[in-house]
Amino acid sequence: MSPEILINSAYILASILFVLGLKMLGRQATARKGNFLSGVGMLIAIVVTLLDRHVIDYTWIVVGLVAGTVIGLACARLVKMTAMPEMVALLNGFGGLASLIVGAAEFFRIRGGTVMPEHPLFTATVIYLTILIGGITFTGSVYAFCKLAEWLSGRALTFSGQNFVNGLMLIATLAAGVLYVLTGDPQLALIAFAVFTLLSLVLGWTLVMPIGGGDMPVVIAMLNSLSGVAACAAGFIINNNVLVVAGCLVGTSGVILSAIMCKAMNRSLANVLFSGFGSAPAAAGAAGAGTIQGELKPISAEDCFGVLEAARQVVIIPGYGMAVSQAQHVVRELAEVLERNGAEVRFAIHPVAGRMPGHMNVLLAEASVPYEQLIEMDAINPVMPTMDVAIVIGANDVVNPAAARDKSSPIYGMPIINAHEARTVICLKRGKGTGFSGLENQLFLMPNTRMLYGDAKASLQGVVAEFKSLAAT
Ligand code: NAP
């Protein structure tokens, strides 16, 4: 069998493992196995690529491998679970930068006469695409990282005519690309190359600028998709089939994830990318404020215990505040004491609760909450009226009834968990802070709602302590 056939067979095996792995990542119970299978696929792809006869010197490859392994291991150990969105943003950015460097290297190899492309038009087009998409991904991801890490303001930065300016830059980038692909003049090609490389880097930054920090997860999924497309184009440049396949898989899965998140927020991708959502929270708050009536009724940890002690059906609805206060472990403890007290406990998970896809699932899994107890929004809503108590832990937008009732609300149409339908609702939050959308929430003022104020972790520790003191007596 020729080495070519052997290598491509191994690449097909690696691609099958990627697809199987991706499928398994879709369910919590199989996610670890899926991650492992994809890892094995990547290992096969790397080893086979390194054995390729086209590799004539391993020095820089070994340097890259050692440096990458050390940095990767350090990040895996040091980066906190809550900082994962930033981490993913950076990784996407480096993926884009790597593709950009591959494109630039090939440009200079051809210019220097080291290689003569077999299909000059095709090669020039993929070099252009690799640099354009890689450049946008790199600076866009770095900006997203800075927003999430709070190195830069999370506020959407908008100015009038912003979309027009971005559109002009995009057109200039396309024009430079067409010139580069079609011109036979090396000097003109160099100028066009410099223009579209620079503009792609500027565009990454300016396209992310008008998007609010809370929408960064969608942006990151989109940038992840772009990094895949850039890698796919780079795969054509270096003639590596498995890079083309892996790039396509990343490209499509990023788009699917973005679509899922947009659907769960009832917003279009265009609205997320171009509307400047999050630039003026005060205005957003006013939009829904007219319909808010009633009064906030505080409850103490002791009284909360009294309500929960009598409850038989309890649903816990976690949100971003649980992540902020890192309350997941004490939430699991509360579920355990409730169960020991004879209650059936479920966790209702909204697809966009928190600030990244699967945020709540990850935190609850970290606290060893059994997967079977996590119930998706569509499954919990029909049984919500049978719940004695709904405990809303740092969730706000995902339980805001205005999304279902108030046509004037900016979040109207976003599917919510119907916490308000439970017999009693206990909401844990620190004060009168709004959620990501900046809107007031009628749930907190409803007759069946009680507010347990304070940091979620401390409040829950108070309630759990009450249960424990009961058990001790
Ligand atoms: P949310 O609407 O952002 O509300 C979080 C609430 O937690 C706030 O009202 C805050 O009130 C409270 N809180 C903050 N820190 C707390 C602490 N230490 N202890 C107790 N409470 C605390 O959260 P959500 O209901 O989870 O909704 C998520 C939002 O993010 C949605 O609007 C969604 O569309 C958006 N989003 C999510 C994703 C994703 O992938 N998950 C992506 C993009 C956008 P206080 O300040 O009064 O404490």
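**Close-up views of the predicted model**

**Figure 1. Salt bridge between Glu 336 and Arg 332.** In this predicted model, the side chains of Glu 336 and Arg 332 are joined by a salt bridge with an N to O distance of 3.4 Å. Both residues belong to helix H14 (residues 328-340), where they are 4 residues apart, about one turn of the helix. Glu 336 is partly exposed, at a relative accessible area of 31%. Arg 332 is likewise partly exposed, with a value of 22%.

**Figure 2. Salt bridge between Asp 388 and Arg 423.** The closest N and O atoms of Asp 388 and Arg 423 are 2.6 Å apart in this salt bridge. Asp 388 is located in the loop between helix H16 (377-380) and strand S4 (389-393), and Arg 423 in the loop between helix H17 (402-405) and S5, so the pair ties together parts that are 35 residues apart in sequence. Arg 423 has a relative accessibility of 49% and counts as partly exposed.

**Figure 3. Salt bridge between Glu 106 and Arg 109 in helix H4.** A salt bridge links Glu 106 to Arg 109, with 3.1 Å between the closest N and O atoms. The two residues are 3 residues apart in helix H4 (residues 84-111), a separation of about one helical turn. Glu 106 counts as buried, because its relative accessibility is 12% and the term applies under 20%. Arg 109, by contrast, is partly exposed at 37%. The structure holds 5 salt bridges in total.

Figure 4. An oxygen atom of the ligand lies 2.6 Å from an N or O atom in the side chain of Asp 397. The ligand taken alone exposes 920 Å², of which the protein buries 97%.

**Figure 5. The shell of residues around the ligand.** Of the 32 residues around the ligand, those that come nearest are Gly 214, Asn 396, Asp 397, Arg 430 and Asp 455. By class, the shell comprises 14 nonpolar, 12 polar and 6 charged residues. Helix H9 (241-265), helix H13 (320-325) and strand S5 (424-429) each contribute at least two residues, and H13 provides the largest share, 4 residues. Domain 2 (90-274) and domain 3 (301-472) each supply at least three residues of the shell.

Terms used: Residues are numbered from 1 along each chain as its sequence is written. This is a predicted model: local features need pLDDT of at least 70, side-chain atom pairs count only at pLDDT 80 or more; totals for chains, interfaces and linings use all residues. Side-chain values use heavy atoms; hydrogens and water are left out. A residue is near a molecule or strand if one of its heavy atoms lies within 4 Å of it. A polar contact is a pair of N or O atoms within 3.5 Å; within protein, one must be able to donate a hydrogen and the other to accept it, and residues adjacent in sequence count only if both atoms are side-chain atoms. Accessible areas come from the Shrake-Rupley method with a 1.4 Å probe; for residues, only the protein chains shown count as cover. Ala, Val, Leu, Ile, Met, Phe, Trp, Tyr, Cys and Pro count as nonpolar, Asp, Glu, Lys and Arg as charged, and the others, Gly among them, as polar. Domain bounds come from an automatic or database domain assignment. A salt bridge is a side-chain nitrogen of Lys or Arg within 4 Å of a carboxyl oxygen of Asp or Glu. Buried means under 20% relative accessible area, exposed over 50%, partly exposed in between (1.4 Å probe, protein chains only).
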